[in-house]
Amino acid sequence: MVPQLYPREVRRRRDFYARHPPPPHLRPEDTGGAVDPLIFSPTEPFSVALVYRDEGAEEADSEEGSSRGSGAASPATPTPAPPDGALPVRYVSCQAQVPVRVLKKFLRLKFCLAPAHVVELRYKQEALADDLTLMDVAYIYSWKRVLPLRLHYRFLTPPHRKEPHRPAPAP
């Protein structure tokens, strides 16, 4: 695979047909005009909206509809939203090749979370694996670039383990 081959080819076609009028039977794609918006390059900037999702967000997501179904339930419990109210939407611009784990690390650092907290990142109702890139998410869920890629996050606290009751040793 040759890096940047497709964008260079489109640019050459556009330059060529700017100097030479195209025949009427050619489609705009053939002359370097409108191209398929579902082709992403790894270095392309993605606009991502990170939205806090609490327990009540399940209903909101089901209204949006999901083409992939819901993910498995998490064994950890969600932490409640901060007392100051709803967290604002965070807009981030990053390259398409950025893995999901980097966005999780960004959220962990942004909110100064303890190591015991788990950051969960979802697209609609499905949890995203750490090794997926934003480009993978865009292809899997057919993101159209009309709006920023909307990802929901929440913070999970693992359940506290109770120490098993051990009887005192006999003297």
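Modeller: Helices (H or I, at least four residues) and strands (E, at least two) are DSSP runs, numbered from the N terminus. This is a predicted model: local features need pLDDT of at least 70, side-chain atom pairs count only at pLDDT 80 or more, and totals for chains, interfaces and linings use all residues. Residues are numbered from 1 along each chain as its sequence is written, and side-chain values use heavy atoms, with hydrogens and water left out.

Colleague: Where is cysteine 112 found?
Modeller: Cysteine 112 sits in the loop between helix 3 and strand 4.

Colleague: Is cysteine 112 buried or exposed?
Modeller: Cysteine 112 is exposed, with a relative accessible area of 69%. Here buried means under 20% relative accessible area, exposed over 50%, and partly exposed in between (1.4 Å probe, protein chains only).

Colleague: What phi does cysteine 112 have?
Modeller: Cysteine 112 has a positive phi of about 50°, although it is not a glycine. Most residues other than glycine have a negative phi. Lysine 124 also is not a glycine and has a positive phi, of about 55°; lysine 124 is placed in the loop between strand 4 and strand 5 (126–127).

Colleague: Moving to helix 3, which residues are buried there?
Modeller: Val100, Leu103, Lys104 and Leu107 are buried in helix 3. Seen down the axis of helix 3, these buried residues fall within an arc of 100° (taken from the directions from the helix axis to the C-beta atoms), so they line one face of the helix. An α-helix has 3.6 residues a turn, so residues three or four places apart point the same way.

Colleague: And which residues are exposed on the other side of helix 3?
Modeller: Lys105 and Leu109 are exposed on that other side of helix 3.

Colleague: What covers the buried residues of helix 3?
Modeller: The cover includes strand 1 (45–52), strand 3 (90–95), strand 4 (118–123), helix 4 (134–140) and strand 6 (149–157).

Colleague: What is lysine 104 in contact with?
Modeller: Leaving aside neighbours within four places in sequence, lysine 104 is in contact (heavy atoms within 4.5 Å) with Val119, Leu121, Leu128 and Asp130. Lysine 104 belongs to helix 3 (residues 100–110), and its relative accessible area is 17%, so it counts as buried.

Colleague: With which residue does lysine 104 form a salt bridge?
Modeller: Lysine 104 forms a salt bridge with aspartate 130, and their closest N and O atoms are 2.6 Å apart. Since lysine 104 lies in helix 3 and aspartate 130 in the loop between strand 5 and helix 4, the pair ties together parts that are 26 residues apart in sequence. Aspartate 130 is partly exposed, with a relative accessible area of 37%.

Colleague: How many salt bridges does the count come to?
Modeller: The count comes to 5 salt bridges, a salt bridge being a side-chain nitrogen of Lys or Arg within 4 Å of a carboxyl oxygen of Asp or Glu. Glu120, Arg122 and Arg154 are linked in a network of salt bridges.

Colleague: Which residue pairs with glutamate 44?
Modeller: Glutamate 44 forms a salt bridge with arginine 145, with the closest N and O atoms 2.8 Å apart. This pair links distant parts of the chain, 101 residues apart: glutamate 44 is in the loop between helix 1 and strand 1, and arginine 145 is in the loop between helix 4 and strand 6. Glutamate 44 is buried at 16% relative accessible area, whereas arginine 145 is partly exposed at 32%.
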